[in-house]
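Subject: Structure handover

Hello,

Please find below the structure we spoke about. My notes on it follow.

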Amino acid sequence: MKVYILDASALINGFYSKDSLNLMTSSAINEIKDINTEMLLNNCINEGILKIEHIDFDDFPEIYDVLSVSGDLMRLSQTDKEIVALSVKYKNLGYDVITVTDDYSMQNALKLLNISFKTVLTKGIDETIQWKKLCKGCRKEYPSDTKDEICEICGSPIIRKRVNAHSNS
């Protein structure tokens, strides 16, 4: 059975499937601010086209490991992480999952987790990217999830750097 996991931008831009189950996280709902999208959201819920689910990203340590290694952990918001977790949950339950998002970082994470995605307004990513954090001055490497912004050795800023990319073709 096909399931669409929607981020807020999917619904804001009018995407939902009338023929398949559509799911959103409760945190994604909080990102909807305009009245037209709120009306669409309520109509979809009332018609049984869309279901809202609360999910805890911390219940999926395998996602944390992949996103930590790739560097996407630092790039995704909590809502984004929950959408990815919801996608993984339904994939693990045996559903044909398609996550609908125009967010490039989320697409990168989904690709690394072998989850299909669909875009609404953008072309989508052409390659997956991995990131690392390092000192701009002395080049000391830091874990991708570090909260430090200044190097403990030389005092220079810690920056994100693209490590490598892999074609999606």
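Strands here are DSSP runs of E with at least two residues, helices are runs of H or I with at least four residues, and both are numbered from the N terminus. β4 covers residues 96-100 and is joined to β5 by 3 bridges, the two strands running parallel. Two strands are taken as paired if DSSP finds at least two bridges between them.

Before going further, a note on the source: this is a predicted model, in which local features need pLDDT of at least 70 and side-chain atom pairs count only at pLDDT 80 or more, while totals for chains, interfaces and linings use all residues. Numbering starts from 1 along each chain as its sequence is written, and side-chain values use heavy atoms, with hydrogens and water left out.

The sheet

T99 is also the bridge partner in β4 of I5. β1 and β4 run parallel and are joined by 5 bridges. On β2, I5 stands opposite L23, and 3 bridges link β1 to β2, again in parallel. Taken as a whole, the open sheet has 5 strands in the order β3-β2-β1-β4-β5, with parallel pairing. The edges are held by β3 (50-53) and β5 (116-118), each with a single partner strand, so one side of each has no neighbour in the sheet. From one strand to the next, the twist averages 30 degrees. Angles are taken between N-to-C directions on a scale from 0 to 180 degrees, with axes fitted as lines to C-alpha atoms (for helices, over the stretch in contact).

Helix α5 (residues 78-92) packs on this sheet and touches β1 (2-6), β2 (21-25), β3 and β4. Contact means heavy atoms within 4.5 Å. The direction of α5 makes about 140 degrees with that of β2.

In β4, 4 of the 5 residues are buried, and β1 likewise has 4 of its 5 residues buried. Buried stands for under 20% relative accessible area, exposed for over 50% and partly exposed for anything in between, with a 1.4 Å probe and protein chains only.

Where does T37 lie? It is in helix α3, residues 35-46. T37 counts as buried because its relative accessibility is 4%. Leaving aside residues up to four places away in sequence, T37 touches L11, I12 and I32.

The chain as a whole

The chain has 6 helices and 8 strands, which follow the pattern β-α-β-α-α-β-α-α-β-α-β-β-β-β along the sequence. Its C-alpha atoms fill a box of roughly 60 × 35 × 30 Å along the principal axes. Of the 169 residues, 46% are buried. Among contacts between residues at least 6 apart in sequence, 55% join residues at least 24 apart.

The accessible surface comes to about 8900 Å², 47% of it belonging to carbon and sulfur atoms; the areas come from the Shrake-Rupley method with a 1.4 Å probe, and for residues only the protein chains shown count as cover.

Regards
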